[in-house]
Amino acid sequence: MSASTDSARSSGRPGVLPWLAVPALVFFVGFALIPLVGVLVLSFTTWDGIGAIHPSGLTSWRAVLSHPGLPHAVLVTFGVMAASWVVQTPLSILLGTFLAGRQRYRAVLSLVYFVPLLLSSAAIAVAYKALLDPNFGLGAGLGFEWLSKDWLGRPWLAFGVVVFVVSWQFIPFHSLIYQGGVQQIPQSLYEAAQLDGAGRVRQFFSITLPQLRYTVITSSTLMVVGSLTFFDLIFVLTEGGPGDATRVLALDMYKRGFQANLMGPASAIAVILVLVGLGLALLLRRLGGRDAGQSQLEGI
Amino acid sequence: MAVPLSRRTLLGLAAGLPVSAALTACGTSGPGKSGGGGGKATYWYLSGQPQEDVRTGAVERYNEANPKGRITPTTFQNDAYKTKIKTAIGAGQAPTIIWGWGGGTLRSYVEAGQVEDLTSWFDENAEIKKRLFPSSFGAATVDGKIYAMPCETVEPVVLFYNKKVFDQVGVEPPESWDDIMALVPKFNAKGIAPFSLGGQSRWTNMMWLEFLFDRIGGPEVFQAVFDGEKDAWSHPAAIEALTKVQELVKADGFIKGFSSITADSNADQALLHTGKAAMMLHGTWTYGIQQADGGDFVSSGGLGFMNFPTVEGGKGDPGNTVGNPAQYLSISSKADAEQKKIAKDFFATGVLADEEVKEWIDNGSVPIVQGTEKLLAQSESAEFLQFTYDIASNAKSFGQSWDQALSPTAAETLLDNIVKLFQLAVSPRQFADNLNAVIGK
């Protein structure tokens, strides 16, 4: 409805709308496209970040692709991506649906749930690191033996902690998206279902979930592509450790570039990251169906 | 409200923004754009007390004495600085005076032609060179030429122990590796960790290998790695040292959860002065931390210290040590003539002037200036300072920290593999193979 008025207005004054895109375009070119080209060029060079840049053909790519650390980093990256999606999506949908209710206490709760989103990743990581310290952390302080585990010192535990903290941080954001999505669903659908005798659970699975289809795709795209760039949180929390148990691609890129002074291979990893991210975003759009632009509300 | 405030503070901590008021330095006098007059020199160094005050004090005194050629200081947090200075130098935006650790990182600056050759300056000013510990010039020298002025303090790594815990368990400090291995079950039986270790910081684990390599095979073993000899990590003494450290890990020699403890948070220090751990291998700079954080731990004589024990049948001299022979100041080759002149003048008259020497000693550290025995003896921490001074001046070999001695590329692989070694995720052989692959890189 609002879309049609928009197009009517813009057709009345042709030539104005494209100009509105210019600031965004300038930023996109300046901060995304140009650096991207730079990284692509750098990936075909040898550079220690200090001296001169030497073109070296495929040396960096060969070094990256033959390094045993790459498959492991890819595995960890996709592991974090999958695990955090599996944890976040159901919880966010449920929370979002719950918060979509108009009751006053729910509005208050949604404010509380929103707090983690206000904190920076670095702050969250520092806080969790202190809480999980095996000798001086929460477990030791409260005297709970089960809590004073070596949370960040064992590969699987550390992986679990990363997924947990990521979920803790981002579930509020995705709940917000779902809350909006649920509130868009016409009340008439629920009224009709109630008349037909559908209970709450049935309503959730037959109306809410199907209606949220595109919201799920939006939120999943953000989760999946966003998880490729988890860096700050993991960097502060575990530094990719113990060993390389939580070393995701983004961290691998940083370590090679800025700690080992290998800008060429680091750029190659950056290019891989971009390609994987674009590929995943495209894939998710496909999964959403070709008719993603169409309305779900036909006939209402 | 509380949330944004804590967020900003923590962000500042994490991102290591320039802490000093000298943010303006970035804008006013970037190197290479000297323009008309002014020509102020810039100087970047590490924040963190008590060292920061001494560094800043030296600059302030110099600026007061030289109103025409002033130096603008900017401070950074340790880990953030390592990245920042590298990026700045690569981008041609280096400060006039570059603070550093010498060794492999300095070599990478030299190879890129980014720092001044100071050899002839030291020849002309022989009295400056003579005043400093000769051992401090090793890490400032690349291919026979001096590229940095040694400064500040000498920081060997020593074995600290908690005397109260030793009394409580009724045992004596170890004199050999066998003693260490015999002490481990005794402390564990009492629920005290034998050794504190901040394993997530990686270089903390490295100190163990530095000493074991030296005690078992002598300084030649690592020298071969440094010189780029093929398969140097597979030396029998190296394999023995790697095996020994894994034996200690397997015997629960280190505190539970050491892989997730960082040195930055001083949690490893707290384990020692709270008596949760009996011993700790660490640099002498941590004496000040024990003093500051441990309540009356140091003043009541609870902190013991000794050089690393011998290893049975080892070839290395028991007097040898490892650590930081000094800190280093280089001059950016991109600075203009006036800035370079100010920097050299600062080196000659400002760095390690008498006042600064006194301040370092008050902080419980030994400046790299010769003939300070009297001053050391007058200090509150006289016993510890004399101990540090003796180790530094009597050591036949003072090995530089490996991660500073090697190139950043090789150091990163080394640190990665050290963590895996301590987690028992790689065998000594695999460790040697992984590192042989990056020798000379």
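**A buried phenylalanine, and onward**

Mentor: Start with Phe258(B), which is buried, since 28 other C-beta atoms lie within 10 Å and the cut-off for buried is 20 or more. Keep in mind that this is a predicted model.

Trainee: Where does Phe258(B) lie in chain B?
Mentor: In the loop that runs between helix 12 (236–250) and helix 13 (267–273) of chain B.

Trainee: And what does Phe258(B) touch?
Mentor: Leaving out residues up to four places away in sequence, Phe258(B) touches Leu197(B) and Gly199(B). Asn205(B) is 53 residues from Phe258(B) in sequence, and their C-alpha atoms are 9.8 Å apart in space.

Trainee: Let's zoom out. How is chain B divided?
Mentor: Into domain 1 (14–152 + 326–370) and domain 2 (155–323 + 401–436). Taken over C-alpha atoms, the centres of these two domains of chain B are 31 Å apart. Domain 1 puts 11 residues into the contact, and domain 2 puts in 11 residues.

Trainee: Which residues touch the most other members of the largest nonpolar core?
Mentor: Ala277(B), Tyr328(B) and Leu329(B), out of the 126 residues in that core. Domain 1 and domain 2 of chain B both give residues to this core, so it lies between them. There is another core apart from it, of 46 residues, including Leu132(A), Val162(A), Val163(A) and Ala270(A).

Trainee: Back to Tyr328(B). What does it touch?
Mentor: Not counting residues up to four places away in sequence, the contacts of Tyr328(B) include Gly100(B), Trp101(B), Gly102(B), Ala139(B) and Cys151(B).

Trainee: What about the sheet in chain B: what is its strand order?
Mentor: The order is 2-1-3-12-6, in an open sheet of 5 strands with mixed pairing. Strand 2 (71–76) and strand 6 (149–151) are at the edges with a single partner strand each, so one side of each has no neighbour in the sheet. From one strand to the next, the twist averages 25 degrees.

Trainee: In which sense do strand 1 and strand 3 of chain B pair?
Mentor: Parallel, over 2 bridges, with strand 1 at residues 41–46 and strand 3 at residues 97–100 of chain B. Tyr43(B) has Ile97(B), in strand 3 of chain B, as its bridge partner.

Trainee: Which helix packs on that sheet?
Mentor: Helix 3 (residues 51–65) of chain B, which touches strand 1 and strand 2 of chain B. The direction of helix 3 makes about 170 degrees with that of strand 2.

Trainee: Now chain A. Where does UniProt put the "transmembrane region" feature?
Mentor: The unreviewed entry lists residues 20–44, 73–99, 111–131, 151–171, 212–238 and 258–284 of chain A. In the model, residues 111–131 of chain A are 86% helix and 0% strand, with the end C-alpha atoms 24 Å apart. Residues 212–238 of chain A are 78% helix and 0% strand, and there the end C-alpha atoms are 36 Å apart.

Trainee: What does UniProt say about residues 74–284 of chain A?
Mentor: An unreviewed entry annotates them as "domain: ABC transmembrane type-1". That span of chain A is 76% helix and 0% strand, and its end C-alpha atoms lie 19 Å apart.

Trainee: One last residue. Is Leu20(A) buried or exposed?
Mentor: Leu20(A) is exposed, because 9 other C-beta atoms lie within 10 Å and the cut-off for exposed is 12 or fewer. Leu20(A) is in helix 2 (residues 17–20) of chain A. Tyr254(A) is 234 residues from Leu20(A) along the chain, with 36 Å between their C-alpha atoms.

Note on methods
Residues are numbered from 1 along each chain as its sequence is written. Chains are lettered from A and ligands numbered from 1 in the order in which they are written. This is a predicted model: local features need pLDDT of at least 70, side-chain atom pairs count only at pLDDT 80 or more; totals for chains, interfaces and linings use all residues. A nonpolar core is a set of buried Ala, Val, Leu, Ile, Met, Phe, Trp, Tyr and Cys residues joined through C-beta atoms within 7 Å. Domain bounds come from an automatic or database domain assignment. Two residues are in contact if their C-beta atoms, placed from the backbone, lie within 7 Å. UniProt positions are given in the numbering used here, feature names are shortened, and annotations may be inferred rather than shown by experiment. Helices (H or I, at least four residues) and strands (E, at least two) are DSSP runs, numbered from the N terminus. Two strands pair if DSSP finds at least two bridges between them. Axes are lines fitted to C-alpha atoms, for helices over the stretch in contact, and angles run from 0 to 180 degrees between N-to-C directions.
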